[in-house]
Amino acid sequence: TDLTHIRNFSIVAHIDHGKSTLADRLIQLTGTVAERDMQEQILDSMDIERERGITIKANSVRIEYPAKDGRTYILNLIDTPGHVDFAYEVSRSMRAVEGSLLVVDATQGVEAQTLANVYTAIEANHEIVPVLNKIDLPAAEPERIAEQIEDVIGIDASDACLISAKTGIGIPDVLEAIVKRLPAPTGDRDAPLKAMLVDSWYDAYLGVVVMIRVMDGVIKKGDNILMMQTGAKYGVDKLAVLRPKMQDIAELGPGEIGILTASIKQVRDTRVGDTITHQKKPCEKPLPGFKPSQPVVFCGLFPVDNAEFEDLRTAIEKLALNDASFTYEMETSAALGFGFRCGFLGLLHLEVIRDRIEREYDIELITTAPSVIYQIHMRDGRQIELHNPADMPDPAEIDHIDEPRIKATIMVPDEYLGDVLKLCQERRGIQQDLTYAGSRAMVVYDLPLNEVVFDFYDRLKSISKGYASFDYQLAGYRTDNLVKMSVLVNEEPVDALSMMVHRDRAEMRGRAMCEKLKELIPRHMFKIPIQAAIGGRVIARETLSAMRKDVTAKCYGGDATRKKKLLEKQKAGKKKMRQFGKVDIPQEAFINALKMD
Ligand code: GDP
Ligand code: MG
């Protein structure tokens, strides 16, 4: 069969270099969307994605393009998530296409995510078309940036497309380059069905929607399919392509990308990277390289207002339906009451879920310190997986503790290398490699994941002015000297603030935490000791002195409306406070106390 009229591609770019704007222009110029339905950043559907400029879920659009050679081509664009938390999803969706447009801002040049993403594309054997964007700006230096792409990335940029996604200059050249320079997919129409599950999400009307890329064979509406890794069986209810609105289609053949629905109950019944085949005539082997994404970062989510616990449960259950990599179980905390212990792919994933609960469900949350999974080896031979420092067994019964490590690859301009090495060293990193690509250094570090989940990425970005790129893989477990540090406010342990730390770093962390809390907790009528402790031993201490004068006193007996106003204000303020013994701790204190800088 003839696949020569299909081109599948993705766009890789550093944030703000113009990926979404270019996608808009491609959709618009080909008349895929009627002019009246066109809106900016049409592929970024979720608000949070728009605001943060990140794509969480893969998105796709099918474009029909009448090329200069007289043939009409079908172009499938898959827009991929661009963050390291979703590295596995990115690498999967890259494997669903044959080529990439590498968009680089001609006023900025190659930056952090450009590298991380282009290497994923190269790993997926993509043909790559460099596109230099924003040439409408006076500061654009396309020649210099083309050279930089060749130096740093090592791909030919001599025939890069020069465009302005904003004004539309050069967009026709991009369409021609897609057709001429990217390869057509290959696949056997007569072979048994073999399709990749690229992504899945929950749609309010359709239920679970699955994005697929057909490798071999043909899938039709009504087909009985099998997900090879999970063993789940379904009948295909709906088959469609995204333009970017859904448009039903009778079948999808090799090289094609589309979506299906099949009365799948929840997103967690689908696994990104799984192979879909026919129940009757399955393909011999599933696609290689499948691994289910596992949460690696855990934290507690508690409602500020305990009365909202049931609402929180509903929100979490709904979000979990739509996100197979998000896990949760109920948790109770002496300090915070009822909540949930949740698992995430990384810190951004955590933030996104937290934001959505607060915004879409209007529930104010307290988030406890993020933790990784520790393997605790007990003296009696038992092995415990610790997701929550609060569950830490008696240290006297512990033989040793193993913690997860990562292999981190960091690319950074030479001038920031010193600071990056210092940061990695501080975070207990072990340097494994240091090489240069042009004026950029590439360092490989073996780091404890627990030192990375806090704010490593933010720190890295700030010390490198945003130029460092960071990517990591989990790299097994290693024994180390880990302890549980507790925080006591007015002699009461605040379980939500306890964390696992390396013994050598405990004092430093404890001191920082106490100092911070001293700033964050408002003064009370009495003196409040703030302490960090390991077991029964205090390792750091601060004292919050008592309030000098009683600010409410002067209101009493005076103006009644003023008094009422003050009480109302206090009530509103109370909502955001949690009580610990006699002490009120504002919600921000938890979040801010857990940030390190
Ligand atoms: P993304 O993060 O890669 O998706 O980048 P966007 O497409 O959201 O673009 C980031 C910003 O750059 C937006 O404010 C765009 O309007 C602007 N932008 C994109 N392309 C161009 C261009 O060709 N010229 C100029 N001047 N601005 C552009
Ligand atoms: Mg974008």
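Is glutamate 360 buried, partly exposed or exposed, and at what relative accessibility? Glutamate 360 counts as partly exposed, because its relative accessibility is 45%, between the 20% and 50% cut-offs. This is a predicted model. The points below cover its ligand site, its salt bridges and a nonpolar surface patch.

**Helix α8 pair**
- Glutamate 360 forms a salt bridge with arginine 356, at 2.9 Å from N to O.
- Both residues sit in helix α8 (residues 347-360), four residues apart, so about one helical turn separates them.
- Arginine 356 has 17% relative accessibility and therefore counts as buried.

**Ligand 1 site**
- The shell around ligand 1 holds 16 residues, and Asp16, Lys19, Ser20, Thr21 and Asp136 come nearest.
- By class, five of the shell residues are charged, eight are polar and three are nonpolar.
- Helix α1 (residues 19-29) gives the largest share of this shell, with three residues.
- The side chain of threonine 21 places an N or O atom 2.5 Å from an oxygen atom of ligand 1.
- Alanine 165 has a backbone N or O atom 2.9 Å from a ligand 1 oxygen atom.
- For histidine 17, a backbone N or O atom lies 3.5 Å from an oxygen atom of ligand 1.
- On its own, ligand 1 has 580 Å² of accessible area, and the protein covers 79% of that.

**Other salt bridges**
- Side chains of opposite charge can pair when their charged atoms come close.
- The model has 24 salt bridges.
- One of them joins the side chains of arginine 71 and aspartate 2, at 3.5 Å from N to O.
- That pair links distant parts of the chain, 69 residues apart.
- Arginine 71 lies in the loop between β2 (59-66) and β3 (72-79), while aspartate 2 lies in the segment before β1 (6-13).
- Arginine 71 is partly exposed, at 32% relative accessible area.
- Aspartate 2 is partly exposed, at 45% relative accessibility.

**Salt-bridge network**
- Arginine 405 and glutamate 403 meet through their side chains in a salt bridge of 3.8 Å, N to O.
- Arginine 405 is buried, with 3% relative accessible area.
- Glutamate 403 is buried, at 0% relative accessibility.
- Both belong to a network of salt bridges that also links Arg428, Asp446, Glu451, Arg478, Asp480, Arg505 and Arg509.

**Nonpolar surface patch**
- Tyr205, Leu206 and Met246 make a nonpolar surface patch of about 350 Å².
- Leucine 206 is in the loop between β7 (194-203) and β8 (207-216).
- Leucine 206 counts as partly exposed because its relative accessibility is 34%.

Terms used. Residues are numbered from 1 along each chain as its sequence is written. Chains are lettered from A and ligands numbered from 1 in the order in which they are written. This is a predicted model: local features need pLDDT of at least 70, side-chain atom pairs count only at pLDDT 80 or more; totals for chains, interfaces and linings use all residues. Side-chain values use heavy atoms; hydrogens and water are left out. A residue is near a molecule or strand if one of its heavy atoms lies within 4 Å of it. A polar contact is a pair of N or O atoms within 3.5 Å; within protein, one must be able to donate a hydrogen and the other to accept it, and residues adjacent in sequence count only if both atoms are side-chain atoms. Accessible areas come from the Shrake-Rupley method with a 1.4 Å probe; for residues, only the protein chains shown count as cover. Helices (H or I, at least four residues) and strands (E, at least two) are DSSP runs, numbered from the N terminus. Ala, Val, Leu, Ile, Met, Phe, Trp, Tyr, Cys and Pro count as nonpolar, Asp, Glu, Lys and Arg as charged, and the others, Gly among them, as polar. Patches are made of residues with over 30% relative accessible area and no salt bridge: like charges are joined within 9 Å, nonpolar side chains (Val, Leu, Ile, Met, Phe, Trp, Tyr) within 5 Å. A salt bridge is a side-chain nitrogen of Lys or Arg within 4 Å of a carboxyl oxygen of Asp or Glu. Buried means under 20% relative accessible area, exposed over 50%, partly exposed in between (1.4 Å probe, protein chains only).
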